[in-house]
Amino acid sequence: MIKLNTNYNNLKDSYLFYNIAQKTKAYLQENPDKKLLRLGIGDVSLPLCTEVIQALHEAVEDQSVKERFHGYMPECGDPTLREIIANDYAKRQVPIEKDEVFVSSGASDELGDILDLFDKSASALVIEPAYPAYVDANIMAGRKIVHVASNDENGFLPVPSEDQLADILYICSPNNPTGAVFSREKLQQWVDFANQNGSIILFDAAYEAFIEEDLPHSIFELPGAKTCAIEICSLSKTAGFTGTRLGYTVIPKALHRGGMHLNEMWVRNRTTKTNGVSYIIQRGAAAVFTKEGKAQIQKNISIYKENAKILMQALDAVGIWYTGGKNAPYIWFKCPQGMGSWELFDYLLTNAQIVGTPGEGFGACGEGYFRFSTFGSREDTKKAAERIVSLFAK
Ligand code: PLP
């Protein structure tokens, strides 16, 4: 009989969002007149900006005209878009060559696919609490996982340690779920650690557009990163592309191990395993990087940031400790009154109709914490903030 990948048996049930959905469904069945305030989702709520919509329309028109029609696109991305993205890095004083940029259909797809570059025996270090896909993708591949717990004492930004060595190092900054962002100094420690040990950092920069303080947006701002890092980026949260799908990955030509060059390997991988991202979507993505497009997406980001301020003010008012919010679309706070994270979930649902995300779902060390997303509607966010103040005022 065919042998299947039995590593799937080692996956924990992805109960986090399932549990949330079950609990909210049951609550609404019992309380059909109640309206929920949804601060749990990591999906955006604002539509694509007009500059992108116009480019998408034009690209659809192109597909109806023989002379402007596009069939298969180059597997690693439209050269024009690759150049636009490289130029965007250059504007931020990060020199990247256009063929170091790979256009993808999103960061999730890429975070899973990129593991093709590594041997099954390569171990993976995951800083927790973490985006659940890092752990699950490596369990599916049968890899050893080194779980590194972070906490409020290190601001959820741990530094590397010789007794926690691994081949693949996941760093997500700004972080989902904690919203914490690595400083140059701390990130440099990880870069030096990776270079010393021959490890490779997978740097997830999906939320870089939310950084407003003087903190690194790209790992390639740091000396030495080109010999130890791959950066995975996405327009999902930057420009509302969660349902439109486009991301990009930077693999420097200087990145090699054991005589093998990862950029060349990825070209080989993409040309074998994909036929590129849709022409229409790549045209829409190019519009994100125009002057007008940038201004429009910034306006949307500032709406989410205003939501963050409203929630942070409420937490400040009742003296609840939190991180994130300022440079990230997530606020990560300590459950008040010593509650567990699922206990707080039930409490907020029942007493304030607020739906958030229990920290325990992002790794064991997330227990005792809770995540609010700032991607919800302004109306829901305001109501939630008011209810938090009245629930937890001393
Ligand atoms: N990386 C992180 C940290 C995320 O939180 C998400 C989505 O929530 C992704 C990657 C996936 O992004 P995409 O929509 O580009 O697949």
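Q: Which residues of α12 do Leu344, Tyr347, Leu348, Asn351 and Ala352 in α11 meet?
A: This is a predicted model. In it, five residues of α11 take part: Leu344, Tyr347, Leu348, Asn351 and Ala352. Their partners in α12 are Arg387, Leu391 and Phe392.

Q: How do the residues of the contact of α11 with α12 divide into nonpolar, polar and charged?
A: The contact joins residues such as Leu344 of α11 and Phe392 of α12. One residue is polar and one is charged. The nonpolar residues number six.

Q: Are α11 and α12 roughly parallel or roughly perpendicular to each other?
A: Their axes come within 11 Å. They cross at roughly 105°. Angles of 65 to 115 degrees count as roughly perpendicular. So α11 and α12 are roughly perpendicular.

Q: Are α10 and α12 roughly parallel or roughly perpendicular to each other?
A: Helix α10 covers residues 291–317, and helix α12 covers residues 378–392. Their axes come within 8 Å and cross at roughly 5°. Angles under 35 degrees count as roughly parallel. Therefore α10 and α12 are roughly parallel.

Q: Which residues of α12 make the contact with α10?
A: From α10 come Ile303, Glu306, Asn307, Ile310, Leu311, Ala314, Leu315 and Ala317. The contact of α10 with α12 holds nine nonpolar, two polar and three charged residues. On the α12 side, the residues are Arg378, Thr381, Lys382, Ala385, Ile388 and Val389.

Q: Is Asp380 buried or exposed?
A: Asp380 lies in helix α12. Its relative accessibility is 9%. Buried means under 20%. Asp380 therefore counts as buried.

Q: Which residues is Asp380 in contact with, leaving aside its neighbours within four places in sequence?
A: Asp380 belongs to α12. Neighbours within four places in sequence are left aside here. The contacts that remain are Lys35, Leu36, Leu37 and Arg38.

Q: Which residue in β15 stands opposite Thr357?
A: Strand β15 covers residues 369–373. It pairs with β14 in the antiparallel sense, over two bridges. Opposite Thr357 stands Arg371.

Q: How many disulfides does the structure hold?
A: A disulfide needs two cysteine sulfur atoms within 2.5 Å. For Cys49, the nearest cysteine sulfur is that of Cys233, 17 Å away. The sulfur of Cys76 is also 17 Å from its closest cysteine sulfur, in Cys233, which is too far for a bond. The number of disulfides is zero.

Q: Is Cys76 buried or exposed?
A: Cys49 is buried, with a relative accessible area of 6%. For Cys76, the relative accessibility is 8%. The cut-off for buried is under 20%, so Cys76 counts as buried.

Q: How many Å apart are Gln196 and Cys228 in space, C-alpha to C-alpha?
A: Gln196 lies in helix α6, residues 184–197. At 60% relative accessibility, Gln196 counts as exposed. In sequence, Gln196 and Cys228 are 32 residues apart. In space, C-alpha to C-alpha, the distance is 9.5 Å.

Methods
Residues numbered from 1 in each chain as written. Predicted model: local features only at pLDDT ≥ 70, side-chain atom pairs only at ≥ 80, totals over all residues. Heavy atoms only, no water. Pairing = 2+ DSSP bridges. Helix = DSSP H or I, 4+ residues; strand = E, 2+ residues; numbered from the N terminus. Axes fitted to C-alpha atoms, helices over the stretch in contact; angles between N-to-C directions. Parallel < 35°, antiparallel > 145°, perpendicular 65-115°, else oblique. Contact = heavy atoms within 4.5 Å. Nonpolar A, V, L, I, M, F, W, Y, C, P; charged D, E, K, R; others polar. Buried < 20%, exposed > 50% of the residue type's maximum accessible area, 1.4 Å probe, protein only.
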